[in-house]
Amino acid sequence: MTNKAKGTCVSVEYLVMGMLENNVYLISDGDATMVVDPTCKADKIVEALGGRKLDAIVLTHRHSDHVGAAKDLRALTGAPVVASAIDAPMISGEQSLPRDDTRFAPCPVDRTVSDGETLKIGGMPWKVIVTPGHTKGSMCLFLDPERTANPVAAPVLVSGDTLFCGSIGRTDFVGGDMNDMRRSLKRLEQLPDDTVVLPGHNSLTTIGAERKRVFAFYA
């Protein structure tokens, strides 16, 4: 099933996939398309693209339920894989995974990004916000409507497993740290209330909604 987020001119579709019900996002501005966190079944993701060229595969962090289909999707589409410079070596297999991470097929990372960089995909200039806490290299992507070639109705945040609707990502895995998570949440707290949040699991939300619950409790 493909769902569509409301409130943006940039098209946001998402598939709920896998045992952990991951949100796999297909985001397009009509000029370019990116897939975020392909968990499994690369063929189903390609089918959802509906013939659109895939311009980038973005991985918010190294956990298997967010990168499990990245290698196959890259092979099927030829799209480059993007990940944070911190988590990339474990995604590519250059570094061993921690003992508590489920194994997956290593995937080459074609571009690494760091905090504060701009990842431009078509007319979408995504600001990279590295948000350690869930993993050391977890990252979020922020799209400012004033900087887009095809303006969006509201800011958009791809939050991975850092921020959920009414909750946050676990910090008890190897590489997780609650103090880091609190610092990361304080950064996200600075974003505008109308920012549409696209989390790795569960329902979509907004920064304003989480200000009343998550940020009030954790940040």
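Lys120 has Pro125 as its bridge partner in β9. This is a predicted model, in which local features need pLDDT of at least 70, side-chain atom pairs count only at pLDDT 80 or more, and totals for chains, interfaces and linings use all residues. Residues are numbered from 1 along each chain as its sequence is written, and side-chain values use heavy atoms, without hydrogens and water.

Strand β8 covers residues 118-121 and pairs with β9 in the antiparallel sense over 4 bridges. Strands here are DSSP runs (E, at least two residues), helices are runs of H or I with at least four residues, and both are numbered from the N terminus. Two strands pair if DSSP finds at least two bridges between them. Another bridge links Leu119 to Trp126 in β9. The hairpin has 2 residues between its strands, and Gly122 takes a positive phi near 60°.

Now cross to the other neighbour. Strand β10 (residues 139-143) runs antiparallel to β9, joined by 5 bridges. Val128 has its bridge partner in β10, namely Leu141. Strands of a sheet pair through backbone hydrogen bonds, either parallel or antiparallel.

What is the strand order of the open sheet? It is β8-β9-β10-β11-β14-β15, 6 strands with mixed pairing. β8 and β15 (205-206) stand at the edges with a single partner strand each, so one side of each has no neighbour in the sheet.

The largest nonpolar core has 26 residues, and Ile27, Met34, Val58 and Trp126 have the most contacts inside it. Its largest share, 4 residues, comes from β9. Such a core is a set of buried Ala, Val, Leu, Ile, Met, Phe, Trp, Tyr and Cys residues joined through side-chain atoms within 4.5 Å. Leaving out residues up to four places away in sequence, Ile27 touches a group including Met124, Trp126, Val158 and Leu198. Contact means heavy atoms within 4.5 Å. Another core lies apart, with 25 residues, among them Leu59, Leu73, Met90 and Leu97.

Thr195 lies in the loop between α5 (178-188) and β14 (196-199). Thr195 is buried, with a relative accessible area of 0%. Beyond four places in sequence, its contacts include Phe142, Pro155 and Thr205. Arg187 sits in helix α5. Arg187 is partly exposed, at 37% relative accessible area. Outside its sequence neighbours within four places, Arg187 is in contact with Asp115, Ile129 and Val130. Its C-alpha atom is separated by 22 Å from that of Asn202, 15 residues apart along the chain.

Finish at the largest pocket. Its volume is about 430 Å³. Of the 20 lining residues, Leu20, Asp65, Asp161, Phe173 and His201 are the closest to its centre. On a 1 Å grid over the protein atoms alone, a pocket is an open set of points where a 1.4 Å probe fits, with protein on both sides within 12 Å along at least five of seven lines; lining residues have an atom within 4 Å of a point.

Conventions
Grid points are joined across faces, edges and corners, and a volume is the space filled by probe spheres set on the points. Buried means under 20% relative accessible area, exposed over 50%, partly exposed in between (1.4 Å probe, protein chains only).
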